[in-house]
There are 2 protein chains.
Amino acid sequence: MSATGAKPFFCSRWVTRPAHVSELDAGAGLPGGFRAAGVAAGLKPSGRPDVGLLVCDAARPASAVRFTSSGAAAAPVLLSRERSRLDALRAVLVNSGCANAATGRRGLEDAAKTQGAAAAAAGVDPAEVALASTGGISQFLDVDAVLKGILAARGRLAADGDADFQQAIQTTDALEKRASLAVELPSGAVRLSAQCKGAGMISPRFATMLCFVETDAAISAETCDLLLGVTVKRSFDRATVDGQLSTNDTALLMCSGASGVEVAPESEDELRFGEALDALLRQLAVMMVADGEGASRSARVIVRGGNPEGVESAARAVANSPLVKAALHGGDPNWGRIVQAVGGALPETAPLAVDVTIEGMQVCSAGAAILYDEAELDRLVQREEVEYEVGLPGEGAETEVFFSDLSQAYVEFNSAYTT
Amino acid sequence: MSATGAKPFFCSRWVTRPAHVSELDAGAGLPGGFRAAGVAAGLKPSGRPDVGLLVCDAARPASAVRFTSSGAAAAPVLLSRERSRLDALRAVLVNSGCANAATGRRGLEDAAKTQGAAAAAAGVDPAEVALASTGGISQFLDVDAVLKGILAARGRLAADGDADFQQAIQTTDALEKRASLAVELPSGAVRLSAQCKGAGMISPRFATMLCFVETDAAISAETCDLLLGVTVKRSFDRATVDGQLSTNDTALLMCSGASGVEVAPESEDELRFGEALDALLRQLAVMMVADGEGASRSARVIVRGGNPEGVESAARAVANSPLVKAALHGGDPNWGRIVQAVGGALPETAPLAVDVTIEGMQVCSAGAAILYDEAELDRLVQREEVEYEVGLPGEGAETEVFFSDLSQAYVEFNSAYTT
C-alpha cells in the first residue's frame with residue numbers, strides 16, 4: 001500500500017523501510033487523538049488552501065519542536081519559542097502565502113493575534129498553540145484573512161483532515177510529502193503520520209522546513225524531544241537544495257497517547273519507534289531534495305576520514321557547489337569539481353590526498369586521477385539518484401549530505417518569483 | 001584613450017581612476033624590460049592560443065606572487081611555491097586548456113619538465129620560472145604540446161606580445177581583461193600593465209584567478225610583496241562569481257626597473273604606485289564579476305557594523321546566495337532574500353536588527369520592513385551595477401564583496417562543459 005498513490009512512500013535507495021513499519025493508504029487519516037483542517041483564506045493569490053489547523057484532543061499531550069537557527073527567524077518562530085509550551089502543545093496554526101519574516105514588532109503582534117484566535121477555535125490556552133508560516137519574506141500578514149481562515153478551519157476539523165492540512169502548508173512543492181504509517185512496537189501497534197513542505201530555501205541546520213508529525217503513542221515530552229532531536233539531525237539537517245537557511249524552518253512532533261501504547265525511555269519500544277521516525281524523516285528529507293525547485297536529479301555525498309569539522313565542511317561544500325550541482329544536472333561526471341570543492345573547503349592543506357568514488361567506481365586516488373571506464377561512468381551518472389563518496393586522510397569521521405541538482409528551471413523560477 | 005577599444009578600462013562606478021594614472025592604447029605594449037608571446041599549441045580543442053611565455057630581461061628583477069589557498073592546489077601552484085624564487089622571477093610559463101590539477105606525482109613531474117623547457121627558452125634558471133595553468137581539472141598535461149608551444153613562443157617574444165599572451169591565458173572569458181597604464185610618480189613616469197583571466201570558479205581567498213602585472217618601476221621584492229598583498233586583499237579577494245575557490249588561482253607582480261624610477265619603501269612614490277595598482281586590480285576584479293559565466297548584471301554588497309567575522313560572513317552569504325543572485329538576474333528587488341541570507345550567516349542571533357538599503361533606498365530598518373517607493377525600487381534594480389548596503393548592530397567593521405548574478409546561461413554552460 002502507498003501513502004501517495006501508486007509509488008510507495010519509501011522510494012529512495014537511501015532509506016530502508018524498517019520491517020515493523022508499513023505504509024497506510026493516503027486516506028487513512030491521522031492517528032487517534034488528532035484532527036486537522038486546511039482552508040483557502042486568500043493569502044495565496046492563486047486561491048489555493050493557505051491556512052491549516054491541527055488539534056490534539058489528548059488529555060495529556062506531549063510534544064517537541066525544532067526551529068531554524070537563523071538570525072532572521074520569523075515572527076511565528078520567535079513567538080512560539082518565547083510564549084508557547086512547546087512540550088505540551090494542543091494545537092498548531094500554520095499559514096502559507098506569507099512568512100511573516102522581517103516584519104519586526106508588528107509581525108509579532110500579528111502573530112499573537114492569530115495565536116489567540118487559534119486557541120479560541122481549538123478551545124485551548126494561547127500558550128498551547130504553536131505557529132508556523134511560510135511564503136514571502138518582508139510582507140506583513142493579512143491578519144483578518146487568517147482569522148477568517150481559522151473560523152472556517154474550525155468547522156472542518158476532522159480525523160482525515162491531513163490531506164487538506166497538507167495542501168494548506170505547501171508553496172512551491174511539486175511533490176506531496178505526506179505519510180501515514182503503522183508501526184508495530186513490542187507493546188502494541190501505533191500510528192505515525194506526517195505532513196511536510198519544502199522545495200527551495202532548503203539548508204536546515206538543527207531544524208527543518210515545515211514538518212508536522214503526529215502519533216497516538218504515549219510518549220513523555222522528554223523522550224519526544226530526544227527522539228525528534230536525534231532524527232532531525234539525521235534527516236532534514238543533512239539535506240540541501242540551495243544552501244539557504246530559511247527564516248521559518250519548523251519540525252514538530254506531537255503525541256496524543258490515544259493508542260494506549262506507552263513508549264518508555266530506553267525501552268525496546270523506544271528503539272523501534274525511533275527507527276520508524278528516523279526512516280520517516282529521512283524519506284521526507286530525500287523527497288524535499290528530489291523536489292528541489294527545478295530539480296531533475298538528486299544525490300548523496302558521503303565524506304569519510306579526517307575529523308568531524310573537516311568532513312562536514314567538505315560534504316557541505318560539495319553539496320552546495322553550483323558547479324557540482326550543474327554537472328549533476330547535466331549528467332556530466334566532471335569529478336574534478338568535487339576535488340575542487342573539497343579543496344576549497346579545506347584551505348592550506350595542499351597537497352590533499354583525497355579519494356573520489358562515484359556510484360561505486362573510484363576515479364581519484366590520493367588526490368590524483370586514476371584509470372577508469374569513462375563510458376561506464378557516463379552511464380552511471382545518468383541515474384535519478386547519484387552517489388558520491390569522498391575519502392579524506394585519517395579515520396574516525398563520516399557524514400552525508402543529500403542534495404539536488406542546479407537547473408535552468410531553478411534560476412527561471414527564482415529570478416521571477418518574489419519569495 | 002582606452003586599453004581595450006572604445007570603452008575605457010576604468011568603467012565601473014565602484015573604481016575611480018586616480019588622477020595620476022592614464023590609460024594607454026591597447027597596442028601600447030609591455031613596460032620596458034618585458035617581452036611576451038602567446039601561441040596555439042593544441043591544448044585547447046578549439047585551436048585557440050593556449051601557451052603563453054612572459055620574460056623579464058632586467059638585471060635585477062623583483063617579484064611577488066599570491067596563490068590559491070585550496071587544499072587541492074594544482075601541480076603548477078605546488079611546484080612554483082616549492083621550487084621557484086618567487087621574489088626574483090625572470091619568466092612565467094602559462095597554459096590554458098588544462099589545469100594540471102588532481103594529477104598527483106605525475107602532474108608535478110609534468111610541470112617540472114615544462115618549467116625546465118621554459119627556463120632554457122628564456123635563458124634563465126628553472127627556479128626563476130613560475131608556472132600557471134588553467135582549464136580542465138583531472139586531466140593530465142600534454143607535455144609534448146607544451147614543449148612545442150614553448151619553442152614557438154620563444155621565437156615570438158616581443159615587447160608588444162601582451163595581446164597574444166592574453167589570448168593564451170583566457171578560457172571562458174567573454175571580456176578581455178587587459179590594461180596598459182601610465183603612472184606619474186613624484187620621481188618620474190612609470191608603466192603598469194596587466195593580463196588577467198577569470199569568469200567562473202571565482203571566489204578567491206588571499207589569491208586570485210590568473211593575473212600577471214608588469215611594471216618598469218624599480219621596486220624591491222619586499223615592497224613588491226607588500227603592495228601585491230594589500231591590493232589583492234582589496235580586489236580579487238572581494239570578488240565572487242560562484243563561491244568556488246579554484247585550484248589554480250595565481251596573481252603575480254613583476255618589476256623590471258627599466259624606467260630607472262625607484263619606488264622606495266614608505267615614500268610618496270610607493271603611495272602613488274600603490275594607488276595605481278589598487279585601482280588596476282579592483283577594476284580587473286569587477287570585470288571578472290561582470291564577465292561571470294552567463295552574467296548580465298553585477299552587484300556590490302557592503303556590510304557595516306557588528307564585528308569583522310560577522311560582516312565577512314554576512315557579505316559572503318549575500319554574494320553567494322543563489323536566491324539573491326537569481327533575483328539580481330531577474331531585476332527583482334526581493335530584499336527578503338538578503339535578510340534571509342544574513343540571518344543564515346549569523347545563527348542564534350534572532351531577532352537581529354538588520355538594516356537593508358538598495359541603491360540608496362532603505363527598505364528594512366532594525367529587521368522590519370519599512371514603507372518605500374516600490375515602483376522606484378523596481379526601476380533602480382534594473383541597473384547594470386546594483387549596490388546593496390546591509391547594516392548590522394554595533395560599529396567598527398565594514399567589508400564589501402563584488403558578485404555576479406545567477407542566470408540560466410550559467411547553468412547551461414556548466415552542465416554541459418567539463419572543467
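In strand E18 of chain B, B:Val390 is the bridge partner of B:Val303. Strand E14 (residues 298-304) and strand E18 (residues 385-391) of chain B pair in the parallel sense over seven bridges; strands are DSSP runs of E of at least two residues and helices are runs of H or I of at least four, numbered from the N terminus, and two strands pair if DSSP finds at least two bridges between them. The model is a predicted one, in which local features need pLDDT of at least 70 and side-chain atom pairs count only at pLDDT 80 or more, while totals for chains, interfaces and linings use all residues. Residues are numbered from 1 along each chain as its sequence is written, and chains are lettered from A and ligands numbered from 1 in the order in which they are written.

In chain B, an open sheet of seven strands with mixed pairing runs in the order E11-E19-E14-E18-E15-E16-E17. Its edge strands, E11 (239-240) and E17, each pair on one side only.

Turning to the partner chain, 63 residues of chain B are in contact with 64 residues of chain A (C-beta atoms, placed from the backbone, within 7 Å). Helix H9 of chain B gives the most to this side, with eight residues.

How can chain B be laid on chain A? A turn of 180° and a shift of 0.0 Å along the axis do so with an RMSD of 0.0 Å, with copies superposed by least squares on C-alpha atoms of residues with pLDDT of at least 70 in both. That is the relation of a two-fold axis. In chain B, the C-alpha of B:Gln408 is nearest the axis, 2.3 Å from it.

Technical notes:
Contact = placed C-beta atoms within 7 Å.
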